[in-house]
Amino acid sequence: MPTFVWLTVVTALRILQRNRLRAGLTMLGIIIGVGAVIAMVSIGEGAKLAVQKQIASMGANSILIWPNYTVVSGVRGSQGVVITLTVADAIDLKKKIPLLTETGWSRSGSMQVMSGGRNWSTTVIGASPSVLSIRDWAYSSGGPFTQTDMDTAAGVALIGQTVVDNLFEPGEEPVGAVIRLKNVPIRVIGVLSPKGQSPSGSDQDDVVMIPFSTAERKVLGTSFLGSVGGVFASTDRTEDVFDAVEQIREVLRSRHRLQGNRPDDFNIRTQIDVAKIQEGTSETLTGMLLAIASVSLLVGGIGIMNILLVSVTERTREIGIRMAVGAKRLHIMLQFLIEAMTLSMVGGGIGVLFGVTAAKLTSIIAGWPTIISGKTIMTAFGFSLVIGLFFGLYPANKAARLNPIEALRYE
Amino acid sequence: MAPLIVCEDLWKVYRVGDVEVQALRGLSVTINEGEFVAIMGTSGSGKSTLMNILGCLDQPSKGRYQLGGVEVERLLPDQLAEIRNQRLGFVFQSFNLIPRTSALENTQLPLMYRGLSLKEQRALASAALERVGLKGREHHTPTQLSGGQQQRVAIARALVTSPSLLLADEPTGNLDTRSSDEIMAILEGLNHDGITVILVTHEIDIAAHAAREIVIKDGHVLSDRTVHDRAHS
C-alpha cells in the first residue's frame, strides 16, 4: 500500500503539471482562501497584541474610580457634577483595604499653557504622587514630583511629549524651563515617556501633570476642597483586582451612606474590563474576516470537486483499465482522493506564501503590526487538506463505483 | 489436464429499456489448463458477454462459473478484482494503455495493485517487456509506439503477473498483417510456456493459430472442435 500511495502521488503531480493552467484555476479558490485566512489572522493577532500593550501601558493592575451622578428624588444631575468622591475617600480606601498597594487621586481640566512666545491648549492633571506609579509613567528626562512638592503646593510640572513638541524648539531642553498656567509660573522637572494613544483614541502624551494641591489651590481651583475627578488604586497581583473592586465598592457605599438598593454614586473600571472590550472587538472582527475567508475556501473546494468530476469522466477508460488489471474500489477512490488532496495541498502551499507575503506587505505599507504564527499557517494548511479530502470524496466514490465493462467501452 | 474453466448453464440477461436481451442462454463449456482456444461468432452472438464473464469483469445472471476451483459467480466486486489481478491477463483490440504513461509504467500497473515494492515492479515489468521484444523502449509513451508495439506492451502488462489465463479480445483487430503475425507468434509462445490462452476473433486465419475452435451463436455453443492438437504437433 505505501508504494501504491507514493506512486499515486507522483502520478497526481504529473497530471497537475500537465494541466498547469487548469490546475491553477482550480486551486485559485484554495489559494485565495488560505492566503486570506493567514493574512487576516496575522493582522488580527497583531492588532490584539498592540491593544494588550496599550492596556499594559496604562497599568495592568490599576483600578479607576470616578464619580457618578447622584439620584435625588428621581432627578438626575449630570455626571460628575455632584461632588461625591474626595481625597478622604482615597486615603480611607488605602487604610481599609490591604489588597490595595496604593491609592491616588487626580483632577483635570483643559487649559492654555504658555512658554515664552508659544502657547498650547492641553489637559492639566493635578495628581497625587502615587498616581504616577499606579499608572506606570516613566520619564524620558527628569523625574517625578514628591510628597514635599505636594505638601507645599509647589509649582512644578511633568509634561508629556506632545506638549514638549508644541511648546519648545527642537533640541531645546524642557527640564528646568518655566511655563505658565493661568499666569502661575511652573517649573518643568521632568518629561514623561511617550505612551501613544489610549484605547479610546485620545493622546496620552498631551498632558501637563502637577501636584494635586497645586492644581486645587493655584491652577484649576475648586468649589469644594478635597473633591477629586478620579481615584486610582492598584493591586500587587492581577488576580486580586476583582476582589479589590468588590471591597472598594463596600467601603465607598458605607462611606457615602448608601443603604439598601440605592445605586452607587461612583463608577469602578479596571484595565481588565477595558482589555476585555478591546479583545472582544478585535475577535469579532477577526471572526468576520475568517468567515469570509472560509467562504473562499468552500468555493475552492467546490472548484476542486468540479474539476475532479470532469477528470473522472475524461479518464473513465483509464479507470476501466485499472479495474481490469485488478484495482479494487479503494485503489480507485484513493487515486482520486490523492489527486484532490494534491491539488488542495499545492494550492494551500501557494496560499501560505501569498498570505505571509500579504501580511508582511501590510506591516510594511500600512504600518500595522502583524504576527505570523506557525500555528496559523498549520491550521490554514490543514484546513485546505480537509477541504480537498471532503470535496474529493464524491468524485472519488463516483469513480470507484464505475462498472468496469462500461468504463472500458467508454469513448 | 485439469480443467481451468468450467461453465455450466450460463445465462446473462440484460434490460435495455423495456426490452430484455438474453445474451447467453444456457451456455456450457469446459476449458483445460494449457489450452489455446479461439472463440468465434458474429456480433451479437454473445461472445463478448462470455469473454466479460470469463474475465471476471461481469457475472452471469444464472449458472455456474468455476475458475481454477473458485466459484466466481458468488464473489464480490473487490474479490473479482483480486482474481483479475492474480490469475488473469487481458489483451484488448484497442490496446487500452494508459495515455502519456511510459511502457514500463503501463506494464507495472497490475503489480502496483498487488502491493509489490517499486524495485520488484520495475524488475518484473522490464523482464516482461523484454519477453515481448520491447527492450530499450521502456520509457516510450503509447503515442511514440506503433500499433503492434502498443499491443506488445499490452501483452507484457497481461503476462507480468504470470497469470494462469490470458484473454485476448480481437487482439489483431487494429493491426496490419505483419504486426498481427508478430502478436500471434507471441501468444503462441506464451501458450507453449503453459499459459492458457482464450482468443476472441472473427478472422478465420487468426483463429487457425488456436488448437480448439468454439463457435457461439445466439448465446450458446454452436460448435466446439479441436482443430489440431498443438501438444502433439
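1. Let's start in chain B, where Glu213(B) stands opposite Arg225(B) in strand S10(B). S10 covers residues 220-226 of chain B, and zero of its seven residues are buried, so the strand lies largely in the open. "Buried" here is a neighbour count: a residue is buried if 20 or more other C-beta atoms lie within 10 Å of its own, exposed if 12 or fewer, and partly exposed in between, with C-beta atoms placed from the backbone. Helices (H or I, at least four residues) and strands (E, at least two) are DSSP runs, numbered from the N terminus.

2. A word on what you're looking at: this is a predicted model, in which local features need pLDDT of at least 70, side-chain atom pairs count only at pLDDT 80 or more, and totals for chains, interfaces and linings use all residues. Residues are numbered from 1 along each chain as its sequence is written, while chains are lettered from A and ligands numbered from 1 in the order in which they are written.

3. Back to that strand. S10(B) pairs with strand S9 (residues 212-217) of chain B in the antiparallel sense, over six bridges; two strands count as paired if DSSP finds at least two bridges between them. Together S9(B) and S10(B) make a hairpin with two residues between them, and Asp218(B) in the turn has a positive phi of about 50°.

4. Chain B also has an open sheet of four strands, in the order S2-S1-S4-S5 and with antiparallel pairing. Which strands sit at the edges? They are S2 and S5 (70-71) of chain B, each of which pairs on one side only. As background, strands of a sheet pair through backbone hydrogen bonds, either parallel or antiparallel.

5. Now walk across that sheet. Strand S1 (residues 3-16) of chain B joins strand S2 (residues 19-32) of chain B through eleven bridges, and Lys12(B) has Leu24(B) as its partner in S2(B). The hairpin of S1(B) and S2(B) has two residues between the strands, and Gly17(B) there takes a positive phi near 65°. Five bridges link S1(B) to strand S4 (residues 62-67) of chain B, with Trp11(B) partnered by Lys62(B). Then S4(B) and S5(B) pair over two bridges, where Gln66(B) has Glu71(B) as its bridge partner.

6. Is Met51(B) buried or exposed? With 21 C-beta neighbours inside 10 Å, Met51(B) counts as buried. You'll find Met51(B) in helix H1 (residues 47-54) of chain B. Leaving aside neighbours within four places in sequence, Met51(B) is in contact with Leu167(B), Asp169(B) and Val200(B); contact means that the C-beta atoms, placed from the backbone, lie within 7 Å. Along the chain, Met51(B) and Val200(B) are 149 residues apart, yet their C-alpha atoms are separated by 7.9 Å.

7. Over to chain A, which is divided into domain 1 (2-54 + 276-409) and domain 2 (69-264); such bounds come from an automatic or database domain assignment. The centres of the two domains of chain A, taken over C-alpha atoms, are 56 Å apart.

8. After H8(A) comes Arg257(A), with a positive phi near 55°.

9. Helix H7 (residues 212-219) of chain A has Phe212(A), Thr214(A), Ala215(A), Glu216(A) and Val219(A) buried. Gly221(A) follows H7(A), and its phi is positive, near 75°.

10. Finally, where do the chains meet? The contact takes 19 residues from chain A and 21 residues from chain B. On the side of chain A that touches chain B, the largest share, five residues, comes from H10(A). By class, that side of chain A has eleven nonpolar, three polar and five charged residues. Here Ala, Val, Leu, Ile, Met, Phe, Trp, Tyr, Cys and Pro count as nonpolar, Asp, Glu, Lys and Arg as charged, and the others, Gly among them, as polar.

Note on methods
Two residues are in contact if their C-beta atoms, placed from the backbone, lie within 7 Å.
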